[in-house]
Amino acid sequence: MYALSYFKQFHNFPKDDPRYLNAMTKWDLTAFDRHCKDGTLPTVSWLVAPYLFCEHPNASPDYGAHWVDTALQSLMSNPDVWRHTVFLVMYDENDGYFDHMVPPVPEPGTPEEYTQGRAIGLGNRVPLWVVSPWSRGGWVNSQVFDHTSVLRFLEVVTGVHEPNISAWRRAVCGDLTSCFDFTKPDFSIPGLPDTVALMAKADAGASLPAVALPSPGAQAMPVQEPGSRPHRRLPYRPSADAVVDRTTGAVTCTLANSGTVAFPYTVYPNIAYAFAGTPYTVAPGTTAGYTWDASATDGRYDFTVHGPDGFVRRFAGSVVRAGQNDIAVPSIKATLTASGLVLRLSNDGGAEVSFTATPNDFAGTARTVWVAPGASATVNWPLDKGRYDVTVTAATGTRFTRRYAGTLH
């Protein structure tokens with residue numbers, strides 16, 4: 001293929017320069033198939049689908065499936081090649097579909113990640129399939145990656161360092177190695193659908209009449225398929241909890257990272273302030289702090305912390321001023337353990353308070369716990385294959401709310 005020919009600098013190399021020859025030489029899947037069968041593939045090959053098979057508008061996804069299948073069949077036709085190959089299928093855009101995950105953004109002034117005063121950051125998520133004997137089984141990987149992750153994976157494979165990746169991007173984005181289990185390869189050849197038949201159906205569909213728009217109220221939301229896919233173990237171990245200073249009105253949230261890679265947090269205000277995220281990149285073994293000044297918002301606070309792999313924390317309520325001890329003053333400390341989420345419910349006030357824990361998803365059943373003045377209680381919240389999502393409220397009239405969601409690997 002000829003992806004490199006899109007870049008001007010390759011055109012400027014001398015005509016006998018290997019970089020020019022490799023960039024400008026036109027290959028197709030016939031040549032790729034021949035090189036697979038005779039075992040002469042280079043260490044790294046880039047395949048760029050021609051327009052008919054690229055799945056852009058006017059290019060059928062069925063044709064794209066056939067193109068991918070053709071390349072896969074070539075790789076699997078030579079068992080020795082297949083035993084040493086990782087096939088990455090990636091897209092350069094998300095096709096305009098809505099993505100509920102806001103991508104990580106670097107802190108202001110991060111070297112090599114700002115241009116004209118604006119953060120480059122990461123884009124909306126795009127599909128990536130990892131096809132190999134070491135990634136069989138329909139696994140899902142929720143680690144943060146970007147297109148430089150492919151280059152970093154090639155660093156691992158080739159030992160050649162890529163100098164044009166920023167330190168922030170290397171810290172936040174993985175190198176794809178968490179997609180694999182190299183201890184349990186499956187070298188068998190999977191059965192795949194007949195993609196020629198798919199193309200025939202696509203061609204037949206082109207002659208059908210236009211689809212009539214449904215009448216108002218006749219549409220229904222699609223239903224997600226039941227069950228869940230197994231997910232890869234990730235190097236993440238984030239946590240976040242908030243402490244209220246009743247004297248100053250400061251609500252301080254500590255963002256911690258006990259994992260082995262940097263974890264990107266984004267904090268969003270839910271009331272009082274303009275909706276804008278504040279990014280924090282927390283290195284392994286360190287913490288960062290976010291402070292809400294409730295003295296400037298009539299005592300109220302409400303903000304949510306987001307991170308990769310389903311991590312969510314919400315902290316909301318009203319500050320009970322120091323010295324006002326005739327009412328309940330709830331607080332919660334959350335700790336994630338191998339057996340579940342441990343919620344320590346405390347009452348620093350002078351009246352009894354009821355806490356209610358409600359599951360939003362995954363495991364757990366709703367429960368109410370009463371805590372006397374000056375006392376505390378513990379709720380052990382279960383995990384569902386490592387995942388949890390629970391909201392805890394307190395019946396104090398202060399809108400006290402805490403939400404804890406995420407994954408324990």
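## Tyr114 and its contacts

The side chain of Tyr114 reaches the backbone oxygen of Glu107 at 3.5 Å. The backbone oxygen of Pro106 lies at 3.2 Å from the Tyr114 side chain. Both count as polar contacts: a pair of N or O atoms within 3.5 Å, where, within protein, one must be able to donate a hydrogen and the other to accept it, and residues adjacent in sequence count only if both atoms are side-chain atoms. The model is predicted: local features need pLDDT of at least 70, side-chain atom pairs count only at pLDDT 80 or more, and totals for chains, interfaces and linings use all residues. Residues are numbered from 1 along each chain as its sequence is written, and side-chain values use heavy atoms, with hydrogens and water left out.

Tyr114 sits in strand 2 (residues 114-115). Strands (E, at least two residues) and helices (H or I, at least four) are DSSP runs, numbered from the N terminus. With a relative accessible area of 27%, Tyr114 is partly exposed. The classes are buried (under 20% relative accessible area), exposed (over 50%) and partly exposed (in between), with a 1.4 Å probe and protein chains only. Contact means heavy atoms within 4.5 Å. Setting aside neighbours within four places in sequence, Tyr114 contacts Pro106, Glu107, Pro108, Gly109, Ala119 and Ile120. Phe362 is 248 residues from Tyr114 along the chain, and their C-alpha atoms are separated by 39 Å.

## Salt bridges

How many salt bridges are there? The count comes to nine. The rule asks for a side-chain nitrogen of Lys or Arg within 4 Å of a carboxyl oxygen of Asp or Glu. One of them pairs Asp146 with Arg169, with the closest N and O atoms 2.8 Å apart. Asp146 lies in the loop between strand 4 (128-131) and helix 6 (147-158), and Arg169 in helix 7 (residues 167-172), so the pair ties together parts 23 residues apart in sequence. Both Asp146 and Arg169 are buried. A network of salt bridges links Glu113, Asp146 and Arg169.

Arg314 and Asp302 form another salt bridge, with the closest N and O atoms 2.7 Å apart. Arg314 belongs to strand 11 (residues 311-318) and Asp302 to strand 10 (residues 300-307); the two are 12 residues apart. Arg314 is partly exposed at 29% relative accessibility, whereas Asp302 is buried at 5%.

Asp309 forms a salt bridge with Arg387, and here the closest N and O atoms are 3.8 Å apart. Asp309 lies in the loop between strand 10 and strand 11 and Arg387 in strand 17 (residues 387-394), so the pair ties together parts 78 residues apart in sequence. Asp309 is buried, at 9% relative accessibility. Arg387 is buried as well. Asp309 is not a glycine, yet its phi is positive, about 60°.

Arg399 also has a positive phi of about 60° and is not a glycine. Its place is the loop between strand 17 and strand 18 (401-407). Arg399 is exposed, with a relative accessible area of 52%.

## Helix 3

Which residues of helix 3 are buried? In this helix (residues 29-38) they are Leu29, Ala31, Phe32, His35 and Cys36. Seen down the axis of helix 3, they fall within an arc of 155°, so they line one face of the helix. The arc is that of the directions from the helix axis to the C-beta atoms. Their cover includes helix 4 (61-76) and helix 5 (79-82).

At the start of helix 3, a side-chain oxygen of Asp28 comes to within 3.1 Å of the backbone nitrogen of Thr30. After the helix comes Gly39, with a positive phi near 75°.

## The whole chain

The chain has eight helices and 18 strands. Its C-alpha trace spans about 85 × 50 × 45 Å along the principal axes. Of its 409 residues, 40% count as buried. Among contacts between residues at least 6 apart in sequence, 62% join residues at least 24 apart.
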